[in-house]
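Welcome! Take a moment to look over the sequence and the structure below before reading on.

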Amino acid sequence: MFLGLHLLITDPSTSPRTPLGRLAFGVLYGVGVFVLYGVLGALGLPTFYDKLLCVPLLNLSVPLIDRGVAALGERTWLDRLGLSGPLGGFNLAHMGVWAVLFTALALTGRADGRHPGDSLPFWMRACEAGRTGACERLIQLETTYCGDNSGWACNELGVHLLEGRITSADPARARESFARACEARYQPGCLNVLASSPAVRTDPRPLDLRLLLREGGRNLIALSEPDLDARACDHGWAFACGAGTQVAGR
């Protein structure tokens with residue numbers, strides 16, 4: 001969204017001609033992204049399209065925005081502040097504000113790949129707390145990681161499908177997930193295939209962590225286990241923090 005505001009909304013060939021028009025354009029883009037995210041999520045469609053679908057509609061609305069700004073009169077409050085013109089009288093000040101903002105985002109870890117939402121324990125805690133959409137997101141992530149052949153994720157997905165507490169109960173799909181976990185040589189999955197009651201669950205193995213901690217980036221197959229544990233701890237996996245007292249649970 002940050003890149004969209006910079007690259008799409010500021011394109012002079014597809015954005016309004018006046019500073020006030022561009023301000024309205026940017027606000028509408030931000031509102032449109034949030035509205036589309038909710039609509040796409042409610043329809044079960046991929047939510048990453050939220051940042052793109054509103055752009056063509058906004059581009060088509062540019063003449064209406066320009067006419068609306070013109071209807072306000074020749075001198076708007078931006079004119080009185082000296083911000084009129086192609087770039088505005090305080091363009092260097094604008095650039096300085098954005099530089100400070102981006103630096104703050106970078107220093108707090110909000111401008112790179114690391115984000116709290118990249119952590120699976122984040123969604124586990126959010127689901128337990130009853131946060132809106134968190135349980136659905138957790139199931140989606142476990143399904144994705146199970147597809148990547150994480151035995152732990154397949155087993156967790158099977159448990160949720162068997163219990164029916166955070167998603168609809170589906171014993172047939174649960175057995176399929178347990179069987180897939182067993183195929184990935186995850187022992188609890190094999191026990192659960194045999195109808196263990198209650199379902200057996202353990203912490204992720206190092207092999208699973210190499211999949212769960214990728215953050216959508218490179219695989220971690222060459223990462224040493226101490227570094228893997230440190231990364232897992234940073235992601236909120238409590239068992240990986242400190243001395244390896246819970247390694248046997250993997």
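## The chain as a whole

Please keep in mind that you are looking at a predicted model. What kinds of secondary structure does the protein chain hold? There are 13 helices and zero strands.

The protein chain has 250 residues, and 34% of them are buried. Its accessible surface is about 14900 Å², with 63% of that belonging to carbon and sulfur atoms. Now think about contacts between residues with a separation of 6 or more: 48% of these join residues 24 or more positions apart.

## A nonpolar patch and a loop

Leu23, Val27, Val31, Val35, Val39, Leu43 and Leu45 make a nonpolar surface patch of about 610 Å². Here is a handy idea for reading such a list: an α-helix has 3.6 residues a turn, so residues three or four places apart point the same way.

Where does Leu43 sit? Leu43 is in the loop between α2 (19-42) and α3. Is Leu43 buried or exposed? Its relative accessible area is 59%, and exposed means over 50%, so Leu43 counts as exposed.

Helix α3 spans residues 50-60, and Leu53 is part of it. With a relative accessible area of 43%, Leu53 is partly exposed. Setting aside neighbours within four places in sequence, Leu53 is in contact with Leu36 and Leu40. Leu53 and Leu36 are 17 residues apart along the chain, and their C-alpha atoms are separated by 8.0 Å.

Turn next to Asp50 and Lys51, which form a salt bridge whose closest N and O atoms are 3.0 Å apart.

## Helix α7 and its neighbours

In helix α7 (residues 120-128), the buried residues are Leu120, Pro121, Trp123, Ala126 and Cys127. Which helices do the buried residues of α7 pack against? They pack against α8 (134-147), α9 (151-163) and α12 (206-212). After α7 comes Gly130, which has a positive phi, near 80°.

Arg137 lies over the face of Trp123, at 6.0 Å from the ring centre. Trp123 has a relative accessibility of 19%, and buried means under 20%, so Trp123 counts as buried.

## Aromatic pairs

How many aromatic pairs does the structure hold? It holds three. One of them joins Phe122 and Trp123 in an edge-to-face arrangement, with 5.0 Å centre to centre and 90° between the planes. Phe122 is partly exposed, with a relative accessible area of 25%.

Trp152 and Trp237 also form an edge-to-face pair, at 5.3 Å centre to centre and 85° between the planes. Trp152 belongs to helix α9 and Trp237 to the segment after α13 (225-234), so this pair ties together parts that are 85 residues apart in sequence. Both Trp152 and Trp237 are buried. Together with Phe239, they form one aromatic cluster.

## More salt bridges

The whole structure contains four salt bridges, including the one between Asp50 and Lys51 described above. Another joins Asp148 and Arg214, with the closest N and O atoms 2.7 Å apart. This pair links distant parts of the chain: Asp148 is in the loop between α8 and α9, and Arg214 is in the loop between α12 and α13, 66 residues apart. Asp148 is partly exposed at a relative accessible area of 31%, and Arg214 is also partly exposed, at 23%.

Asp208 and Arg205 form a salt bridge too, at 2.8 Å from N to O.

Terms used
Residues are numbered from 1 along each chain as its sequence is written. This is a predicted model: local features need pLDDT of at least 70, side-chain atom pairs count only at pLDDT 80 or more; totals for chains, interfaces and linings use all residues. Side-chain values use heavy atoms; hydrogens and water are left out. Helices (H or I, at least four residues) and strands (E, at least two) are DSSP runs, numbered from the N terminus. Buried means under 20% relative accessible area, exposed over 50%, partly exposed in between (1.4 Å probe, protein chains only). Contact means heavy atoms within 4.5 Å. Accessible areas come from the Shrake-Rupley method with a 1.4 Å probe; for residues, only the protein chains shown count as cover. Patches are made of residues with over 30% relative accessible area and no salt bridge: like charges are joined within 9 Å, nonpolar side chains (Val, Leu, Ile, Met, Phe, Trp, Tyr) within 5 Å. A salt bridge is a side-chain nitrogen of Lys or Arg within 4 Å of a carboxyl oxygen of Asp or Glu. Rings of Phe, Tyr and Trp (its six-membered ring) pair if their centres lie within 6.5 Å; planes under 30 degrees apart count as stacked, over 60 as edge-to-face and the rest as tilted. A charge sits over a ring if NZ of Lys or CZ of Arg is within 6 Å of the ring centre and within 35 degrees of the ring normal.
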